[in-house]
Amino acid sequence: MAVLTTTTIITAIGVFLAGLLTLAERFLLNYGICKIVVNGEKTYEIKGGNHLLGSLQQHDIFIPSACGGRGTCGLCKVAVLEGGGPLLPTETPYLTAEEIENHFRLSCQVRVRNDLNILIPEELFSIREYHAKVIRIKDLTYDTKYLSLGLAEGETVDFVAGQYIQLMIPTYGKVKEEVYRAYSVASPQTLKTQIDLIIRRVPQGISTTYVFDYLKEGDSITFNGPYGDFFLRDNSREIIYIAGGSGLGPIKSMLHKMAEEGIDRKATFFFGCVSGKDLYFVDEMKEFEDRVPKFKFVPALSNPEANDGWQGETGLITEVVDRHIKEDGEYEAYLCGSPGMIDASIKVLKSKGIPEEHIFFDKF
Amino acid sequence: MDINPIVIFFASISTSNIVLTNFLGMCSYLSISRDLKASWGLGQAVIFVMTTTTMLNFLVYKYILVPAGLEYLRYIVFIIIVAAFVQLIEMILERYMTNLYYALGIFLPLITVNCAILGVALFMVIREYTFLQSLAYGAGGGIGWALAIVALAGIREKVDETKIPKGLQGAGFALIVTGIMAMAFIGLSGIANIQ
């Protein structure tokens, strides 16, 4: 009996407070319909209370965001001229003094509480949503998959080799909210009806868990894009590609471009893995050595296992790069991989006298 | 325990100040006291939360927990009530006082774990206060806390312009100032005393 009363009383108090909070949320956090004026031209009516990034997405305006709205990538910048409220401490690290002057904000941090007047860079309007079907899922290594997505009949996508798209991960299992995650396109830019992605498993990752454990061939999937300014610059400098893990994707797309357009710049691709079981696409890359006039592929293992029978380069990718490139050469570098690898590589490249404006990278 | 509520009110602001005599609620007291404006904002929030939750906690304790013989659950119940109220205040601020909401930022949810608030509710039980006494104690405790943090923030803003030895910067200096302030408040003990 005592147990019953105790439970009842505690539950009653809990229910009362929960009810109170639900009511408060309904009435206090209801901002009604807010008007968003975009570039002084179009007006959208949006239900208030959500973040600007997501609110715009509902109206098919896609602002680039690699982190999916967590405020860690700093890509989703738009200028909020009126109604954005004060700049938040979560935004300041990603904005330059000049951007702050011009009212730039991170759209994932700005909440729509009232009418807004915003400016979105014109080029972002070419970004749109695509519906696709999974044509093929192929294992590249024990933790990396090659995903081919075919666009719906009659649809085509225009992107530049090196750019990325954002995959929409629907709700599944315990994941109750749609999320977007950025992946670089690995297929050639001339193939307009299909995009390929290289996806490496992140333990407990919302997106990669979905791709690895739930997604099957034939499933429908939505993505938007293309985004990013990681693409091949047009000049005659010698190219250094550096990638680790699934960072091979955009480099592969760039190599397709070089092969198709017969670009005869000297190019070397340093691909870093831990051991033989992480290495993939070696044959494809060797094939590029025949198709791209002056291309060389240098795979490197940092920790080869005895049964790998590894004959190639050993050591961290930074050490291998350091051994291969000359001081003060006319280089241009394209890097794709984890922040740690990229930061370390930039250090090495700079020590070789390569100026910062000739180093391009895509961190994930 | 028939102390006049007015005496309790003034005593809990001055001589029985919850920060300066019990050293409760120190985390937000030290971390928010760098800026006068934000500390006054947090002080207002604490005054409101402390007054309302003390009343609520008193009612729940006296009319629900005691009759049901569940006094031993008071820690949990008090904490749930405080947590829910802080959520409510956060929503109210977000809606009507957006600037204050941004100024407080992460520290508003910290009121939930502000031990001064739970401390006041528990002292109220230990000292067997009546409703009016509890109300006076809650409001006085909140005002006392706000007074202490605003005083500290004022001092820290002035001190920012002077040179402090490196090892004493930040919390070290704030604690020394707090100690001196606590001694100064003892000087008021002739006004009212409840302990």
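**Sheet, aromatic cluster and chain contact in a predicted model**

In chain A of this predicted model, 5 strands form an open sheet of mixed pairing, in the order β2-β1-β5-β3-β4. Strands β2 (42–47) and β4 (104–106) of chain A stand at the edges with a single partner strand each, so one side of each is left without a neighbour in the sheet. On average, neighbouring strands of this sheet are turned by 40° against each other, direction ignored; axes are lines fitted to C-alpha atoms, with angles running from 0 to 180 degrees between N-to-C directions. Strand β3 (residues 77–82) of chain A runs antiparallel to β4(A), to which 3 bridges join it. K77(A) stands opposite L106(A) in β4(A). Strands are DSSP runs of E with at least two residues, helices runs of H or I with at least four, numbered from the N terminus, and two strands pair if DSSP finds at least two bridges between them.

Residues are numbered from 1 along each chain as its sequence is written, and chains are lettered from A in the order in which they are written. Local features need pLDDT of at least 70 and side-chain atom pairs pLDDT 80 or more, whereas totals for chains, interfaces and linings use all residues; side-chain values use heavy atoms, without hydrogens and water.

Over all chains, 19 aromatic pairs are found (rings of Phe, Tyr and Trp, the last by its six-membered ring, with centres within 6.5 Å; planes under 30 degrees apart count as stacked, over 60 as edge-to-face and the rest as tilted). The ring centres of F269(A) and F297(A) lie 5.4 Å apart with planes at 50°, so this pair is tilted. Because F269(A) belongs to strand β13 (residues 267–273) of chain A and F297(A) to strand β14 (residues 295–301) of chain A, the pair ties together parts 28 residues apart in sequence. Both F269(A) and F297(A) are buried (under 20% relative accessible area with a 1.4 Å probe, protein chains only; exposed is over 50% and partly exposed in between). Ring pairs link these two residues into a cluster whose members include Y146(A), F230(A) and Y334(A).

The contact between the chains takes 18 residues from chain A and 21 residues from chain B, contact meaning heavy atoms within 4.5 Å. About 1800 Å² is buried between chain A and chain B, 76% of it given by carbon and sulfur atoms; buried area is the accessible area (1.4 Å probe) that two parts lose on being put together, summed over both. In chain A, L21(A), L28(A) and R113(A) lose the most area to chain B, together 29% of what that side buries.
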